[in-house]
Amino acid sequence: MVSTGSTSEGSEGSEGSVSGVTGSTNQGGAYRPFTTLLVANRGEIALRVIRAARDAGLRTVAVYSDADREAPHVRAADTAVRIGPTPPAESYLHVDALLDAARRTGADAVHPGYGFLSERSEFARAVTAAGLVFVGPPADVMDRMGRKDLAREVAVEAGVPVVPAAGLAQTGGGEDLRYPLLVKAAAGGGGKGMRIVREPANLEAAVAAARREALGAFGDDTILLERYVERGRHVEVQVLADAHGHVVHLFERDCSAQRRHQKVIEEAPAPTISEEVRRLLTGSAVALARQVGYVNAGTVEFLVDGEEVFFLEMNTRLQVEHPVTELVTGLDLVRLQLAVAAGEPLTFTQDDVTCSGHAFEARVYAEDAFHGFLPQAGVAEYVRWPARARVDAALESGQSVTPAYDPMLGKVIVHGPTREAARRALVTALDDSAILGLTTNLGFLRGLAASEAFADNEVDTAWLDRNPDAIRPHGVEVAAVLGAWRLATSHSGDGGHPFGVGDGWRSAGPPAAVPVELLVDGAAQLFRVDPAGSVTSPTRAWRVHPISDAEMLRVEVDDEVHEAAVRVGPHAVEVSYLGNTHSFGRPDAFGPGSGAAASDGSVTAPMPGTVLKVAATQGATVAAGDVLGLLEAMKMELSLTAPIDGTVTRVAVAPGDQVRLGATLFEVTPDVPREDP
């Protein structure tokens, strides 16, 4: 029998085994003992499941695409099987390849993780039809709860309050509807296929865009229209049910810190709800799970507006944010999933489940949070995760991040006796994190966690969208000083940077101050670094005393110790300080003309991705803001617009083209007014 386990930071559970148990059967397939688990996923969730399975005494099988041949989850498993090329459709979404991998390795159970095929009922059916155990709910339950329209019907049947609906969006009409509206995909989740519409004139375009995005992400373009609650809180309840009729909740999580409907920081328990609302939430979640005959772990999501509670959807899988529930309950959710799939009854009742302290999870993404949250790709040349937190991540130094997959890199999770203690621990953990060579949202997460609004529970689901400039990069001045110090004191030719500066040494007298020019906030600043102990700029001076120049640079600046990861490159100096990664350009790196910018009329790719649509033709007259094309990467769709009025003189791409970051896609030449004769 699998014990419930006890999870703490850095620990994934206690001893136990899923083998040797007599299972039961229901409409979803056999729940029975198994010995070898295939994890049909990648990245941090694959690592998380592999760790729990190993603790349960199971043999593990990893699968990988060409891009993941050397990935951490491949190394962590007992054996691994290549399932195809990099594109998900040819690998992680290829059902036959996954089942063949199970057959070849003798796996008798499959865990889908989250994302990819985790909520695809056809995959669950294929697994059970192959005689394997699917670690998840029955396929027919996934059919009903995996679609927002059908799940709404179940909720009504169970007596669960739902959001007032305007019906299915079959056309672009809707002049009689009440605004604002939320346009959302009936299938899938993760904020894909969602648009907020505030006036009738924008409805048709929003429905069309949501349909297109939903079809690409979920293969289903059915759209719902619902009342949009402006300042609601997103609260979800973790439920767990076995095949013997037992259903419990593991309390709730607040996931209100979102941008564009995508969760950023989650916490447990929800800090702003009353006990009456908590009882309504947890009771409704259990009633819904019973009504639909749910088995295994699932999450019921609600919108809370004051004392009002509205059902949103049910996620028929393990959630990304499950660790915060583990830290406040002491239960290992993945171990419990495995036990339930093996046919074991839950060994505890609702009265046995307690909630202790407070926990936070911050999602680390490869994205430029301060420039529209655009997805990023590249090589993470240096990665440092915090030692004083639980980290669920698969990113390591030297690893490539491809635009083919979701941009989430990992999660930083903390626990404390109170919300404020846990929040401070999260800020510290993010300060201790560093990723160089790849743009991430670490600094944004740190700024949000440290903000007064977050500390005071003022962040609702739309707060970040209403306040796009509330969280900005911080620590720029000190980071620039640290970058200048490292650049000036690094010896030329030591491998630190190919275009190094001198160290100020001379044959007689003390070392000379070394001039270092960096671009700080877009403006060139000249620093003079004296290795004897100072850094000066035209506006001020800093006393500097080096402490350590090992993996992390530790320097005393004006009697206070600062620590940062610094990478000196030929074009820029990157400094990861207090969670933020600052890139300071080196305008003098190659001499005059090295910083020449693209012409005002060039439209370059702001992220690597795939061209979805080309709307412009060569020779066409356009106005600034006109859409020239659409680019898609990492499940995000971006419009490419004309930067100036003029004529399109170059169209360098076609639909379906893969483009790199910074590639020139269109060129617009400004119209030159003709002079009167």
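Modeller: Rings of Phe, Tyr and Trp (its six-membered ring) form a pair if their centres lie within 6.5 Å; planes under 30 degrees apart count as stacked, over 60 as edge-to-face and the rest as tilted. The model is predicted, so local features need pLDDT of at least 70, side-chain atom pairs count only at pLDDT 80 or more, and totals for chains, interfaces and linings use all residues. Residues are numbered from 1 along each chain as its sequence is written, and side-chain values use heavy atoms, without hydrogens and water.

Biologist: Which residues form one aromatic cluster?

Modeller: Tyr92, Phe116 and Tyr405 do.

Biologist: Why is the pair of Phe116 and Tyr405 called edge-to-face?

Modeller: The ring centres are 6.3 Å apart and the planes stand at 85°, so the pair is edge-to-face.

Biologist: What makes Tyr405 count as buried?

Modeller: Buried means under 20% relative accessible area, exposed over 50%, and partly exposed in between (1.4 Å probe, protein chains only). Tyr405 has 3%, so Tyr405 is buried. Phe116 has 23% relative accessibility and therefore counts as partly exposed.

Biologist: Why is the pair of Phe370 and Phe444 called edge-to-face?

Modeller: Their centres lie 6.3 Å apart and their planes are at 65°, so this pair is edge-to-face. Phe370 and Phe444 are both buried.

Biologist: How do you know that the charged end of Arg259 sits over the ring of Tyr365?

Modeller: A charge sits over a ring if NZ of Lys or CZ of Arg is within 6 Å of the ring centre and within 35 degrees of the ring normal. The charged end of Arg259 is 5.3 Å from the centre of the Tyr365 ring and sits over that ring.
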